[in-house]
Structure formats: C-alpha cells, structure tokens
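Please keep the sequence and the structure in view while reading.

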Amino acid sequence: MKAALRDLVTGEEGHFAAHDTYTTDVKVLEIFFTKHGQAQSQVTFASRSVWSGLVTEPSLKGKSCVIYVGPVSALPNGAPKTIGAGIVAKGAGVPACDES
C-alpha cells in the first residue's frame, strides 16, 4: 500500500505543477496503480493548497494507509486517519498505515 501511496503523491505533484491545483480525480493523475496488486487509491480531499489520500488493499480487510500534503489547517476534517486503528497522519507528506 505504501508504494501505491507514493505513486499517488507523485501523481498529485505532477498535476499541481501542470494545473496549479490538486485533484480528487485519480484517473487524470496518469499513474498505473495496477502494478501494486489490488491496491485501490483515492484522493479524499483536494484544493489549490492541500490534498489527502487513502489507499486500501482488498486482501487486507479493514487496513489502509493515509497521507496529506499541504497545511493540515486547510483540511476540513483535519489530518486523515486510517480505517482500521484510526492512526493519524503525523505531518504533511508523512504516511500513516494500519499494521498489515
């Protein structure tokens, strides 16, 4: 899941460089998520200054990794939390993952 999360970060940074904003549409990020097994990536919030994302793996029921980039104060629900244990992302660009 962490590899898919890194790809999500790379995709968002590329999108920001080209459009001066982040996006919730992972289809436009031009990343090939399938190389990481069945990991499913989504951007849960995006604006011009911040975004947050979540990656899940169907074979790891109830587990996830989360990340955000930008000022946490700009996220409507604060720093993202993992699905399983509710682990909070500790800082911008720092992933948080449930134990697998």
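## Strands and their pairing

Two strands are said to pair if DSSP finds at least two bridges between them. With that rule in mind, the bridge partner of Val-55 in strand 3 is Cys-65, and the bridge partner of Leu-54, again in strand 3, is Val-66. The model described here is a predicted one.

Strand 2 and strand 3 pair in the antiparallel sense over six bridges, and strand 1 and strand 2 also pair in the antiparallel sense over six bridges. In general, the strands of a sheet pair through backbone hydrogen bonds, and they can do so either in parallel or in antiparallel fashion.

In what order do the four strands of the open sheet lie? The order is 1-2-3-4, and the pairing is antiparallel. Strand 1 (40–46) and strand 4 are the edge strands, each of which pairs on one side only.

Strand 1 is joined to strand 2 by a hairpin that passes through four residues, and within this pairing Gln-42 has Leu-54 of strand 2 as its bridge partner. Helix 1 (residues 2–19) lies across strand 1, strand 2, strand 3 and strand 4, and runs at about 150° to strand 2.

## Strand 2, inside the structure

Is strand 2 enclosed by the rest of the structure or exposed? Six of the six residues of strand 2 are buried, so this strand is largely enclosed by the rest of the structure. Both of its faces are covered, with Trp-51, Gly-53 and Val-55 buried on one side and Ser-52, Leu-54 and Thr-56 buried on the other.

Ser-52, which lies in strand 2 (residues 51–56), has a relative accessible area of 5%, and because buried means under 20%, Ser-52 counts as buried. The side chains of Ser-52 and Thr-44 are joined by a polar contact of 2.7 Å. When residues up to four places away in sequence are not counted, the residues that Ser-52 touches include Val-43, Phe-45, Ile-67, Tyr-68 and Leu-75.

In soluble globular proteins, nonpolar side chains tend to be buried together. In this model the largest nonpolar core has 14 residues, and those with the most contacts inside it are Leu-5, Leu-8, Leu-29, Val-43, Trp-51 and Val-55. Helix 1, strand 2 and strand 3 each supply at least two residues of this core.

Leaving aside neighbours within four places in sequence, Val-43 is in contact with several residues, among them Leu-8, Glu-12, Val-26, Leu-29, Trp-51 and Ser-52. There is also a second, separate core of eight residues, which includes Leu-75, Ala-79, Ala-89 and Ala-96.

## The disulfide

How many disulfides does the model contain? The count comes to one disulfide, and this disulfide joins Cys-65 to Cys-97, with a distance of 1.9 Å from S to S. Since a disulfide is a pair of cysteine sulfur atoms within 2.5 Å, the separation of 1.9 Å between the sulfur atoms of Cys-65 and Cys-97 falls inside the cut-off.

Cys-65 lies in strand 3 (residues 64–69) and Cys-97 lies in strand 4 (residues 96–97), so the pair ties together parts that are 32 residues apart in sequence. The torsion about the S-S bond of Cys-65 and Cys-97 is about 115°, so the disulfide is right-handed. Both Cys-65 and Cys-97 are buried.

## Two partly exposed residues

Gln-40 lies in strand 1 and, at 47% relative accessibility, counts as partly exposed. The C-alpha atoms of Gln-40 and Val-55 are separated by 5.5 Å, although these two residues are 15 residues apart along the chain. Not counting residues up to four places away in sequence, Gln-40 touches Leu-54, Val-55, Thr-56 and Pro-58.

Where is Asp-20 found? Asp-20 is in the loop between helix 1 and strand 1, and with a relative accessible area of 35% Asp-20 is partly exposed. The phi angle of Asp-20 is near 60°, which is a positive value in a residue other than glycine.

Methods
Residues are numbered from 1 along each chain as its sequence is written. This is a predicted model: local features need pLDDT of at least 70, side-chain atom pairs count only at pLDDT 80 or more; totals for chains, interfaces and linings use all residues. Side-chain values use heavy atoms; hydrogens and water are left out. Buried means under 20% relative accessible area, exposed over 50%, partly exposed in between (1.4 Å probe, protein chains only). A polar contact is a pair of N or O atoms within 3.5 Å; within protein, one must be able to donate a hydrogen and the other to accept it, and residues adjacent in sequence count only if both atoms are side-chain atoms. Contact means heavy atoms within 4.5 Å. Axes are lines fitted to C-alpha atoms, for helices over the stretch in contact, and angles run from 0 to 180 degrees between N-to-C directions. A nonpolar core is a set of buried Ala, Val, Leu, Ile, Met, Phe, Trp, Tyr and Cys residues joined through side-chain atoms within 4.5 Å.
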